[in-house]
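Here is a friendly walk through one protein model, written for someone who likes cut-offs stated along with the contacts. Please have a look at the sequence and the structure before reading on.

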Amino acid sequence: MMPANRPTQRPATARLLYVDAHGAIRHAPRSQFVNLLRPGDLVIANDAATLPASLQGVHARTGRSIEVRLAGKPSLAHRDVQRFIAVAFGAGDFRTRTEDRPPPPVFEAGDELELGSLSARVERVLGHPRLLALRFEAEVDELWRGLATHGRPIQYAHLSEPLSLWDVWTSIAGTPVAYEPPSAGFVLDWQMLADFEARGIEFATLTHAAGISSTGDPELDRMLPFDEPYRIPVATEEAIAAALCEGRRIVAIGTTVVRALEHSAATFGSVAAGESVANLRIGAETQLRVVDVILSGTHEPGTSHYELLQAFADKAALLRADDALESAGYRTHEFGDSVLIERDSRRYSRLAGSGIEAGDFPENQGLVGRRTPRILRRFAPAPAHVVQESHRLSPARRLLCLRD
């Protein structure tokens, strides 16, 4: 497959590869996405706006030029506004492939980084010489001005022209917390949202701090995706609870939505409104609890995004899809074509008890300052490691519809 090399979010030629629940494959124009949905489906998208997260600067102790790419943060809380996880590069910019970039200087805790009008301090090195915990030494307003003035969208060499910020914001972009765009959402526009309503398709959002897709270092890439904070609104929690109770499908626009919803369900027993941090990896051994269908970009085998797709379809189906994408010349990367994959229901037939009584579930776990809805109180949290062990998870739709 060839990368899409122009930052056009909704080109007229965009295509969609559809893999149904039985592994059958067909091609469609991406503009026909809404026609592949069903009345009653609940579509959920990530409304995070993308930060200008690439910052050129100088490592003060050595005087060497560097690029810092902001890649995450501990939480979405106000107390962490100035704190970031970042990946450092040596001199250069997006025109050089990440894997060909020179290494940065050796960092130490306390090092100062001069990044345009901003100054950041290395709090610690996070298990890899290029992965840093940073704290900006600026008030919040000054930090936002500095990022807006000096930062640029993270970009890779397959795009020849510099990106503008509006190139990487989806039509529903809200809070600026993403480091690369939640690009599956590029398919959305206001006409499509109107079509959803006209066809009886429900729409909701969450906010997930989408991380970076590549560092150029195989060891560091194996750590992707990093932990990613997210926020689920009360309205989205309630829409999901109703859809699950009524047997309607939940359709995720992008891998970040899947990660947020499945983390919430595995942690709290069901999707819970509030803030948390997705720290799980979703792959072939993950048994999905919430999401039935994913709309995603076209991803190459070996990437964390591709691993996540293996939770929806088995290896044989994905191999057939890869062959179809390759033979038909689909385009990859953030401005490329899309795939729509329905969950293979044959993988969700095993029932395993948690061994935890319903009374053990805390009233306010996972929520921000309000009582847990009745639908949550029947479900104990899954142990943190269970997400990787499909035989220990309850099947998807193991929810009771409790009516007041």
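Helices (H or I, at least four residues) and strands (E, at least two) are DSSP runs here, numbered from the N terminus. With that naming, Pro225 sits in the loop between helix H3 (218–221) and E14. A cis peptide bond links Leu224 to Pro225, with omega at about -5°.

A word on the ground rules: this is a predicted model, in which local features need pLDDT of at least 70 and side-chain atom pairs count only at pLDDT 80 or more, while totals for chains, interfaces and linings use all residues. Residues are numbered from 1 along each chain as its sequence is written, and side-chain values use heavy atoms, with hydrogens and water left out.

**The open sheet**

Strands of a sheet pair through backbone hydrogen bonds, either parallel or antiparallel. Two strands are taken as paired if DSSP finds at least two bridges between them. By that rule, nine strands form an open sheet in the order E3-E2-E19-E17-E15-E4-E13-E14-E16, with mixed pairing. Its edges are strand E3 (25–29) and strand E16 (274–278), each of which pairs on one side only. On average, neighbouring strands of this sheet are turned by 25° against each other, direction ignored. The axes behind such angles are lines fitted to C-alpha atoms, for helices over the stretch in contact, and angles run from 0 to 180 degrees between N-to-C directions.

Within the sheet, E4 and E15 run parallel and are joined by four bridges. Leu42 has Ile250 in E15 as its bridge partner. Helix H7 packs on the sheet and touches strand E2 (15–19), E3 and E19, and its direction makes about 45° with that of E3. Contact means heavy atoms within 4.5 Å.

Buried means under 20% relative accessible area, exposed over 50%, and partly exposed in between (1.4 Å probe, protein chains only). The buried residues in H4 are Thr236, Glu237, Ala239, Ile240, Ala241, Ala243 and Leu244. They pack against strand E4 (42–46), strand E13 (202–208), strand E14 (228–232), strand E15 (250–253) and H5. Just after the helix, Gly247 takes a positive phi of about 70°.

A nonpolar core is a set of buried Ala, Val, Leu, Ile, Met, Phe, Trp, Tyr and Cys residues joined through side-chain atoms within 4.5 Å. The largest one has 43 residues, of which Ile44, Ile240, Ile250, Val258, Leu261, Phe312 and Ile341 touch the most other members. Helix H5 (residues 255–268) supplies the largest share of this core, six residues. Apart from it lies another core, of 41 residues, including Ile85, Ala86, Phe107 and Ala120.

**The barrel**

Six strands close into a barrel in the order E6-E7-E8-E11-E10-E9, with antiparallel pairing. Here the twist averages 45° from one strand to the next. Strand E6 (residues 54–59) and strand E7 (residues 64–72) pair over six bridges in the antiparallel sense, and Gln56 stands opposite Glu67 in E7.

**Polar contacts and loop residues**

A polar contact is a pair of N or O atoms within 3.5 Å; within protein, one must be able to donate a hydrogen and the other to accept it, and residues adjacent in sequence count only if both atoms are side-chain atoms.

| From | To | Distance |
|---|---|---|
| Asp111 side chain | His59 side chain | 2.8 Å |
| Arg248 side chain | Gly40 backbone oxygen | 2.8 Å |
| Arg248 side chain | Glu202 side chain | 3.3 Å |

Asp111 belongs to the loop between strand E8 (83–89) and strand E9 (112–115), and counts as buried because its relative accessible area is 6%. Arg248 lies in the loop between H4 and E15; at 18% relative accessibility, Arg248 is buried too.

His333, in the loop between strand E18 (331–332) and strand E19 (338–342), has a phi near 75°, a positive value in a residue other than glycine. His333 is partly exposed, at 36% relative accessibility.
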